[in-house]
Amino acid sequence: MLSTLGRLGIAGCVALGAAGRAVAQTTEVVVPGANAAVEGPSSSTIPLAITGAGLGRYQQVYAGGEFPGGTNWITAVSFRANQNTALVGRTMTVSLSLSTTGMAPDGLSSTFADNVGPDATVVYSGTLTLPPVAGAPGPAPFGWTIPLQHAFLYGGGNLLLDLTITATTGGSGATLDAVNVAGDPVSRAYNSSDPTSATTSTAPSTLGLVTRFDLVPAASPLAASGGAVSAATGGSTGFYLQAGGANAGRSYLVVGGMSGSSPGTALPGGLTLPVNADWTTTLFLQAANTPSLPSFFGGLDGTGRAVAGPVVSGPLDPSAVGATFTFAFLLVGPFDFVSNPVGVSVAP
C-alpha cells in the first residue's frame, strides 16, 4: 500500500469520492422542480446566450419552497439550452452573487439594490468560460455550469441570483430553457446593456431560466462533496468549512490521514483532532496550498466559513481501491476548535 500511494501522489490521495463513509452527497435541485424532467414552455437568450455585446446585470429570484429543508452549501449553478438548440461557446468577465431576499417571485423591484438580501455573497468573480454544447431534445442536459469559487451557505428563504457581465467574447443566438407562467417559483429583472445601472432596462417579468443548483448538506462544521468517484475515471472533492461568526478571520488548517479518526491526535490546549496522524498526514501538510491541495490552509471569511479545494484528479492506480482517508480541520492561534471527521475513500 505504501508504494501504491507513493505512485498516486498527493492529488491522487485526496481527490477521491465517498464510498460508504460519512461524506455528504451532492444533491441536484432544479428550480422550478416541475421542470426537472420537463421542457420549460419558454426560452431566453438573456443573460448568458444573448447575441452581441451581452453586457448588463441580471437578477432572478427562486422561491424558497423549491429547496430541501435544513442548511446546505450551494456549490454550483447550471443552466440548460432550449430543446434542439446548440449553444456557442463564449468567455465572459462576470461577478455573481447569491443572497436570501424578502422579494417574492413576480415581486422583484426595478431597482436592483432593493432585491439584494443582507447576506449577499460574491460566489464567482472573474473570467467565466462557457463551452459549446450540442443541441439535444428537450429537456437538454444542464450544459452551462458555473462552479462557485465561494460556496454559499443557504438555510432557507427566497434565493436571489445576481449576475453582472462586464465583458464578453464569442456570441450565440441560441436560447436557454425558461418558464414564463404567472405564479411559478421564478422571475427576473435585468438591464441588458449597462452593467453599472442601478435600475432595470425593462420592467421585471415572471419569466425565469430553469436552473439547477448543486447542494451539499452543512449540518456539521466540515462537509465534503462528491459521491463514489471511480478510480478508473478520477473525479473531484471540495471541502466546506464553517466555524461560526465568532471565529471570523481566524486561520484554519485541513489535516488528513489514512489511519482513521480514533483515538485522534492530541493538540496543545487539550483538544483532540479526529485524525490519526501518519505518513500521509505529513505529505498532506507539505502540499497544503499547492495546486494539488488548494486552500488547505487559510483564513475564514467574515462569517467564519471557507472552502478548501476543489481537488481534481485523473484516473488512479486500481490497487488504491478501498483506501480510505479521514479529514478534519482545526483553528490555530490558539488550538481551540476542531471539526468533525469526514471519511473519503477510493471507489472502483
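In which sense do strand S3 (residues 56-62) and strand S8 (residues 158-170) pair, and over how many bridges?

Modeller: They pair in the antiparallel sense, over seven bridges. This is a predicted model, in which local features need pLDDT of at least 70, side-chain atom pairs count only at pLDDT 80 or more, and totals for chains, interfaces and linings use all residues. Residues are numbered from 1 along each chain as its sequence is written, and side-chain values use heavy atoms, with hydrogens and water left out.

Now the terms for strands. Helices (H or I, at least four residues) and strands (E, at least two) are DSSP runs, numbered from the N terminus. Two strands pair if DSSP finds at least two bridges between them.

Another sheet is open. It has three strands in the order S2-S9-S11, with antiparallel pairing. Strand S2 (42-44) and strand S11 (208-209) are the edges, each pairing on one side only. Strand S9 (residues 176-179) meets S11 over two bridges. Ala178 stands opposite Leu209 of S11.

Of its 348 residues, 53% are buried (buried means under 20% relative accessible area, exposed over 50%, partly exposed in between, with a 1.4 Å probe and protein chains only). Take the contacts (heavy atoms within 4.5 Å) between residues at least 6 apart in sequence: 82% join residues at least 24 apart. The chain exposes about 13100 Å², and carbon and sulfur atoms supply 57% of that area. Accessible areas come from the Shrake-Rupley method with a 1.4 Å probe; for residues, only the protein chains shown count as cover.

Next, the rings. A pair of aromatic rings is described by the distance of the centres and the angle of the planes. Rings of Phe, Tyr and Trp (its six-membered ring) pair if their centres lie within 6.5 Å; planes under 30 degrees apart count as stacked, over 60 as edge-to-face and the rest as tilted. The whole structure holds eleven aromatic pairs. One of them is Phe239 with Phe296, edge-to-face, at 5.7 Å centre to centre and 80 degrees between the planes. This pair links distant parts of the chain, 57 residues apart. Phe239 sits in strand S14 (residues 235-242), and Phe296 in the loop between helix H3 (279-287) and strand S18 (297-299). Both Phe239 and Phe296 are buried.

Phe284 and Phe327 make a tilted pair, because their centres are 5.5 Å apart and their planes stand at 50 degrees. Phe284 belongs to helix H3 and Phe327 to strand S20 (residues 324-331), so this pair ties together parts 43 residues apart in sequence. Phe284 counts as buried because its relative accessibility is 2%. Phe327 is buried too, at 0%. Ring pairs join Phe239, Phe284, Phe296, Phe325 and Phe327 into a cluster.

One last stop. Ala277 lies in the loop between strand S17 (272-273) and H3. Its relative accessible area is 55%, so Ala277 is exposed. Ala277 and Ser259 are 18 residues apart in sequence, and 7.2 Å apart in space, C-alpha to C-alpha.
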